[in-house]
Amino acid sequence: MLFGLGLCAPAVADTPARVTSVRFGGTPERTRVVVDSDIPLKYHVFLLAAGTQRVVIDLPRVRWSIDGLTAESGSGKGSGVVAGYRYAQNTATTSRLVLDLAKPAVVSREFVLSPKAKGETYRIVMDLEAASLDDFAQSATGSKAGPRQVAEKVVRKPLIMIDPGHGGKDPGASSKQGLQEKDVTLGIATAVREELLKTGRYDVALTRSTDVFIELEDRVAKARNLGADLFISLHADAGGKSATRGASVYTLSPEGEKRVEAAKHKNDWVLDVEVDSSRPQEVTQILADLVQRETKNQSARFAQTLVPALAEAGWPALQNTHRKKGFYVLLSPDVPAVLLEMGFITNDEDAAMLVSAKKRAALVDGVAHAIDAFFES
Ligand SMILES: [Zn+2]
């Protein structure tokens, strides 16, 4: 969640494991399920008979990045005895993979594999065998714990969460010609995502990928649930004077910081350091404060990286480019965040730049370079 946090308490720097694929093989009667991850996973498997017959695999909170698509939840097709699968964050600290069965089946074998060569994954392997409804029902009554494993530290890709501002019933600001902020932000966010994925160095997620309305707290929640390492909210400004133009980068203001605690309580944003209840309350509080201070420092560091990167890309900037405000999307206590006002949609030159493919490419380049510089140092 936090990048480069120099604390030695292990729970602090832990980022979730990344599940990269769910695969099926075998025959119509005997199906092998393989769950790939970048670090070994503790898991717990059980059968549920109520409703659709299904196999449930409970995991610690993971980052779902199935076949390159990072999302909080999703689904896919199965094979053999598995009709399909679904995955989601289950609670603040757990994730769940559900296999919907095409016919009653039982787990006949399960084991875990570690990578033998570079580039290989950790695997949970499970063989499901078609069974009578009775056998299924019997297995479904008892649940058994899977093998427990100790997590190892590995280097994994940072997750960048791009937040296209506004959407749906909230169009944001608009230009004289009727250009809407919500469309500008989505178009550029999608382009930033593509640019970052091309490098192969990042996982990227968007808070919205279509023209839908999303509450501000849900935008923050998405970043936190996925364990994002950096959150960038994209907007286009509107000003009283039509001559006002240029980009600005916002981080949380001191007044905004005062709202973090209330937002944490209201939305049940639990920090990783607050999950382990064996620590004395004062120690937990100190660790939580450290996490929040580090988040604030990292947000400022990214803003200070982004401003010169935009200038280098030839993108116009407003005076005092790095500014502070109490924007809600900047309230996350543990995800470094900035809000980029890309330019004034109310200024003719800026509005033209925001829709020009060539100019957009320069902006996207500037943002991508800033992200590179941020994670390199
Ligand atoms: Zn806006």
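L101 touches Q53, R54, V55, V81, V82 and A83, leaving aside residues up to four places away in sequence. The model that shows these contacts is predicted. L101 belongs to strand β9, which covers residues 94-101. L101 is buried because 23 other C-beta atoms lie within 10 Å, and 20 or more is the cut-off for that label. The C-alpha atom of L101 is separated by 55 Å from that of G314, a residue 213 places apart from L101 along the chain.

**Two domains**

- The protein is divided into domain 1, residues 10-145, and domain 2, residues 159-376.
- The centres of domain 1 and domain 2, taken over C-alpha atoms, are separated by 34 Å.
- Contact between the domains involves 13 residues of domain 1 and 15 residues of domain 2.
- On the side of domain 1 that touches domain 2, α1 (10-13) and β5 (62-66) each supply at least two residues.
- The residues on that side of domain 1 are five nonpolar, five polar and three charged.

- Side chains alternate along strand β3, which spans residues 44-48.
- Strand β4, residues 54-60, runs antiparallel to β3, and five bridges join the two strands.

- Strand β11 runs over residues 122-130 and has a covered face made up of Y122, I124, M126, L128 and A130.
- The uncovered face of β11 holds R123, V125, D127 and E129.
- Strand β2, residues 30-37, is antiparallel to β11 and is joined to it by eight bridges.
- Strand β10, residues 105-113, also pairs with β11 in the antiparallel sense, over eight bridges.
- E129 in β11 is the bridge partner of R30, and E129 is also the bridge partner of V106.

**Helix α4**

- Helix α4 spans residues 216-225, and its buried residues are R219, V220, K222, A223, R224 and N225.
- The elements that cover these buried residues include β8 (82-89), β13 (159-164) and β15 (230-237).
- Just after α4 comes G227, which takes a positive phi of about 70 degrees.

- H166 has a phi near 65 degrees, a positive value in a residue other than glycine.
- H166 lies in the loop between β13 and α3, the helix of residues 181-199.
- Is H166 buried or exposed? H166 is buried, because 23 other C-beta atoms are within 10 Å and the label needs 20 or more.
- D268 has a phi near 60 degrees, again a positive value in a residue other than glycine.
- D268 is found in the loop between α5 (254-267) and α6 (281-312).
- Is D268 buried or exposed? D268 counts as exposed because it has 8 C-beta neighbours inside 10 Å, and a residue with 12 or fewer is given that label.

Definitions and conventions:
Residues numbered from 1 in each chain as written. Predicted model: local features only at pLDDT ≥ 70, side-chain atom pairs only at ≥ 80, totals over all residues. Helix = DSSP H or I, 4+ residues; strand = E, 2+ residues; numbered from the N terminus. Pairing = 2+ DSSP bridges. Domains from an automatic or database assignment. Contact = placed C-beta atoms within 7 Å. Nonpolar A, V, L, I, M, F, W, Y, C, P; charged D, E, K, R; others polar.
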